[in-house]
Each structure stands twice: as structure tokens, then as C-alpha cells.
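Subject: Structure handover

Hi,

Here is the structure I promised to pass on to you. Please open it alongside this note, and my findings follow below.

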Amino acid sequence: MEPILYIENLRKIYGTASNRTKALNGISFQVMPGEFLGIMGSSGSGKSTLLNCIATVIQPSEGSIVIEGERLNSLSGKALAKYRGEKIGYLFQNFELLDNLTGKENILLPTSLHKVTEKQSLARLNQLAEYLEIEDVLDKFPNQMSGGQQQRVAAARALILHPGIVLADEPTGALDSKNAKNIMEKLSGLNRDEQATILMVTHDSNAASYCKRIMFIQDGVIFHELLRGDESQDDFYKRILKVMAQLGGGSSNVL
């Protein structure tokens with residue numbers, strides 16, 4: 001099986017020659033199809049910069065990103081728009097739903113932009129709505145939903161086009177403990193049942209304990225890596241805490 005994502009010698013430098021900050025300093029790794037990979041590190045470590053480079057929100061200074069055989073720095077125009085719409089799904093910390101659209105309309109927005117048939121769109125919508133338990137909010141507007149419901153609607157929107165990889169940026173950051181646990185269980189279930197490939201940036205050790213592998217970033221480089229074997233989620237969580245303690249991090253005990 002070939003990796004779905006290749007990152008090679010990725011660097012991102014901000015500032016001028018006299019005042020340069022190396023947000024990413026030569027990161028290389030691969031992600032296999034069906035992985036649930038967590039990226040952790042203290043504030044300013046480079047983890048969000050890495051995610052934004054993969055999402056093409058920002059351009060790296062050096063290095064390459066290849067997803068499903070496509071090198072991102074070679075994409076432009078329609079090809080880049082197609083990549084952003086179909087190859088990746090993005091799950092934001094603050095949901096980023098459109099206030100004037102219902103839950104159903106928010107979820108189906110990518111399908112209308114990328115000309116998916118109504119039959120296919122509704123079939124996928126019904127499948128995700130049932131799994132994510134949001135059937136009762138499809139006709140509601142975001143301001144009529146709880147934070148947890150909004151994040152599950154946002155997750156459905158990110159998954160509606162069967163993207164090659166889902167990028168999740170602090171998906172529990174704006175949620176209380178109950179809803180944080182719920183969204184992580186749903187993402188974990190989608191990874192297990194649909195083999196969804198998920199790359200998640202998080203500062204939360206509890207959320208990270210749902211992952212299969214975790215990379216720890218410090219000062220723009222990969223500091224350490226953990227693989228979850230047959231151990232319990234609680235034991236994996238304890239191992240995560242130990243590494244975070246070395247990084248000067250810790251956990252916001254939210255789950």
C-alpha cells in the first residue's frame with residue numbers, strides 16, 4: 001500500500017534575513033491510507049503551520065507535499081480548486097458554518113460547488129447525518145444548534161465528498177467535555193468504519209488518545225513519535241502525557 005501523503009524536507013520561514021523565524025525546519029513524514037494521525041506540540045511549535053501548508057492556505061518556503069500522487073506546488077487554478085474541494089476536507093476549531101444556511105445546506109455546499117448529482121449528494125448526506133446523529137438539526141440554522149451539533153455538522157461537510165484526507169484543526173477546542181468526547185468518538189468511528197484518513201492538530205492529550213499515531217513537533221522539527229499498539233486508550237493517554245511533560249506541555253483534561 002502506498003502512502004496517501006508524502007511530506008519531504010518541509011520548511012516555512014517567516015520574516016526577513018535579520019529577523020527570521022523557522023516555523024517548520026525540515027519536516028519529513030508519510031501518512032498511510034486509513035491512518036488517524038495526531039500532531040501535537042506547544043504553542044508556536046509549527047503544528048498549525050504544517051496543517052495550513054497541506055491545506056494550501058500558506059505556501060512552504062522549501063520542500064514538497066504530495067497527496068495521492070499530486071505535488072501541491074505544481075497545482076494552480078482549477079486544479080488547485082479541485083484539490084481544495086475534493087482531495088481534502090477541513091474541520092475547523094470554530095466550525096466556520098455559514099449563518100444564513102441550514103445545517104443541510106452547509107453540508108451540501110461542497111457538492112453544489114463541485115457538481116455532484118442530487119441523488120449522490122442526498123444519499124451521502126443521509127448516511128453521514130445518521131452516523132453523526134444530526135438528523136434533527138438539518139433544517140436548523142447554526143445559531144439554533146449547540147456547539148457540539150455545529151461541529152458534527154461541520155464534520156459532515158468535511159466528509160461529504162469522500163476526501164482523501166481530513167484535516168482537523170483543534171476540533172475539540174471550542175467544545176465542552178461532553179461534546180468533545182462525542183466528536184472524538186465520531187471521528188474515531190469514521191476512521192474505523194469508513195477508513196477515513198485523518199490528520200489532526202491538537203494540544204489536548206485526551207483527544208490525541210483516539211489517534212493511532214502521534215507526532216510531536218518542537219521548534220519546527222519532529223521531536224518524538226508514538227504508535228498506539230494493543231494498549232488501552234487510557235494507557236496510551238498516559239504515554240502521551242509523559243511526552244507532553246518533556247515538551248513543557250500537558251493536557252487540558254477535557255474528556
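For the charges, Lys and Arg count as positive and Asp and Glu as negative, while His and the chain ends are not counted. Each charge is placed at NZ of Lys, CZ of Arg, CG of Asp or CD of Glu. On that basis, the protein has 27 positive and 29 negative charges, and their mean positions lie 4 Å apart.

A word on the source: this is a predicted model, in which local features need pLDDT of at least 70 and side-chain atom pairs count only at pLDDT 80 or more, while totals for chains, interfaces and linings use all residues. Residues are numbered from 1 along each chain as its sequence is written, and side-chain values use heavy atoms, with hydrogens and water left out.

Now the overall fold. The protein has 8 helices and 10 strands (DSSP runs numbered from the N terminus: H or I of at least four residues for helices, E of at least two for strands). Its radius of gyration is 18 Å, close to the 18 Å that the globule rule gives for 255 residues, so the protein is as compact as a globular protein of that length. That radius is taken over C-alpha atoms, and the rule is 2.2 Å times the number of residues to the power 0.38.

Of the 255 residues, 50% count as buried; here buried means under 20% relative accessible area, exposed over 50%, and partly exposed in between (1.4 Å probe, protein chains only). Taking contacts (heavy atoms within 4.5 Å) between residues at least 6 apart in sequence, 70% join residues at least 24 apart.

Finally, the salt bridges, defined as a side-chain nitrogen of Lys or Arg within 4 Å of a carboxyl oxygen of Asp or Glu. The whole structure holds 11 of them.

One of these pairs Lys87 with Glu68 at 2.9 Å, N to O. It links distant parts of the chain, with Lys87 in helix α2 (residues 77–87) and Glu68 in the loop between β4 (62–67) and β5 (70–71), 19 residues apart.

Another joins Lys186 and Glu133, whose closest N and O atoms are 3.0 Å apart. Here Lys186 sits in helix α6 (residues 177–193) and Glu133 in the loop between α4 (118–132) and α5 (147–159), 53 residues apart. Lys186 counts as buried at 14% relative accessibility, whereas Glu133 is partly exposed at 46%.

Arg239 and Glu231 also form a salt bridge, at 2.5 Å between the closest N and O atoms. Elsewhere, salt bridges with shared partners join Glu35, Arg213 and Glu225 into one network.

Best wishes
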